[in-house]
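Good morning, and thank you for coming. Please look at the structure on the screen while I speak about its charged pairs and then about one of its pockets.

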Amino acid sequence: MQSLINILGTLAASVLFALVAALVGGFLAGLDRKVSARMQGRVGPPLLQPFYDVIKLFSKEGVRVNGVMDAYIMVALVFTAIAGGIFFTGGNLLLCVFVLTLGELFFILAAWSARSPFSDVGAQRETLQVMAYEPMVLLMAVGFYLATGSFDVSCVLHLPAPIAGPLVGILIGFLFVLTIKLRKSPFDLSYSHHAHQDLVKGITTEMSGPTLAYVEIMHWLENVLFLGWVALFFVWASPLAILVVIVVLAAVYFLEIWIDNNFARVKWQAMLWSAWLVTLVVAGVNLAVLIYL
């Protein structure tokens with residue numbers, strides 16, 4: 001009975017997360033465009049432009065390559081919402097990572113199902129991005145367990161100090177791969193909101209109308225969840241933690257926008273070896289210190 005209650009609670013939290021994170025994520029996307037425009041000497045679109053774009057996509061006729069693509073996208077969106085529900089209810093961090101990765105795999109399958117040369121290449125590059133950042137994300141969960149003794153996110157609320165101290169190497173490694181997960185330049189190989197995308201729209205080339213709208217909403221949910229993972233390093237049993245988290249998240253998001261506007265895209269080989277090198281060095285050393293000292 002208790003297990004059923006927990007499952008229903010997680011599902012309810014997932015629905016709530018989907019609603020709130022869609023609003024927050026859309027606002028962040030608008031802020032991203034506005035700040036990027038200012039960095040480039042432009043006025044930029046209205047702050048609510050991402051919401052206008054998604055509403056317009058929903059009003060368009062759904063032109064589908066096949067029926068299975070929509071099913072894959074909806075499953076990916078649902079898994080993303082569930083991952084957010086697990087995390088923000090203080091659930092298991094490792095389970096949250098696995099569920100989010102499963103949603104990412106369905107997103108890749110949606111692109112492959114189109115059987116288009118452009119979407120195929122986009123799907124291949126998306127797979128490479130998953131291969132680049134996933135080891136670091138898994139080591140983040142392992143480091144969290146070693147530092148707290150549990151995979152439960154809620155345990156940070158009882159810590160006497162932020163885990164960013166003992167997990168400083170893990171934090172640096174995660175911030176590095178965060179650029180990949182947010183699909184920011186120089187690692188926007190499979191999908192980009194910039195005009196320089198050489199694959200038209202990469203992995204979403206064959207997606208349009210409501211299907212593309214669901215993809216945009218899914219990205220908004222992902223961005224909020226990723227920032228939640230960053231906040232995890234700076235939460236502890238003190239009211240001051242709220243202010244610290246807000247300042248840190250603002251700084252991190254601004255840094256990601258600055259990187260996005262100041263670095264050219266790299267080749268997939270550079271993305272892969274640099275991500276693995278950072279993971280091996282900073283995360284590996286951090287884990288070794290936690291285990292042996």
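A search of the whole structure finds seven salt bridges, a salt bridge being a side-chain nitrogen of Lys or Arg within 4 Å of a carboxyl oxygen of Asp or Glu. This is a predicted model, in which local features need pLDDT of at least 70 and side-chain atom pairs count only at pLDDT 80 or more, while totals for chains, interfaces and linings use all residues. Residues are numbered from 1 along each chain as its sequence is written, and side-chain values use heavy atoms, with hydrogens and water left out.

Let us begin with Lys184, which forms a salt bridge with Asp32, the closest N and O atoms being 2.0 Å apart. Lys184 is in the loop between helix 6 (168–181) and helix 7, and Asp32 is in helix 1, 152 residues apart. Helices here are DSSP runs of H or I with at least four residues, numbered from the N terminus. Both Lys184 and Asp32 are buried, where buried means under 20% relative accessible area, exposed over 50%, and partly exposed in between, with a 1.4 Å probe and protein chains only.

Next, Arg183 and Glu126 meet in a salt bridge at 2.5 Å, N to O. This pair also links distant parts of the chain, with Arg183 in the loop between helix 6 and helix 7 and Glu126 in helix 5 (residues 117–148). Both of these residues, Arg183 and Glu126, are buried.

Which residue pairs with Asp188? The partner is Arg265, with the closest N and O atoms 3.5 Å apart. Arg265 lies in the loop between helix 8 and helix 9 (268–292) and Asp188 in the loop between helix 6 and helix 7, so the pair ties together parts 77 residues apart in sequence. Arg265 is partly exposed, at a relative accessible area of 25%, whereas Asp188 is buried, at 0%. Salt bridges that share partners also join Glu104, Glu126, Arg183 and Glu222 into one network.

I turn now to the pocket. The lining of the second largest pocket divides into 16 nonpolar residues, four polar and no charged; Ala, Val, Leu, Ile, Met, Phe, Trp, Tyr, Cys and Pro count as nonpolar, Asp, Glu, Lys and Arg as charged, and the others, Gly among them, as polar. The largest share of this lining, five residues, comes from helix 7.

Note on methods. Helices (H or I, at least four residues) and strands (E, at least two) are DSSP runs, numbered from the N terminus.
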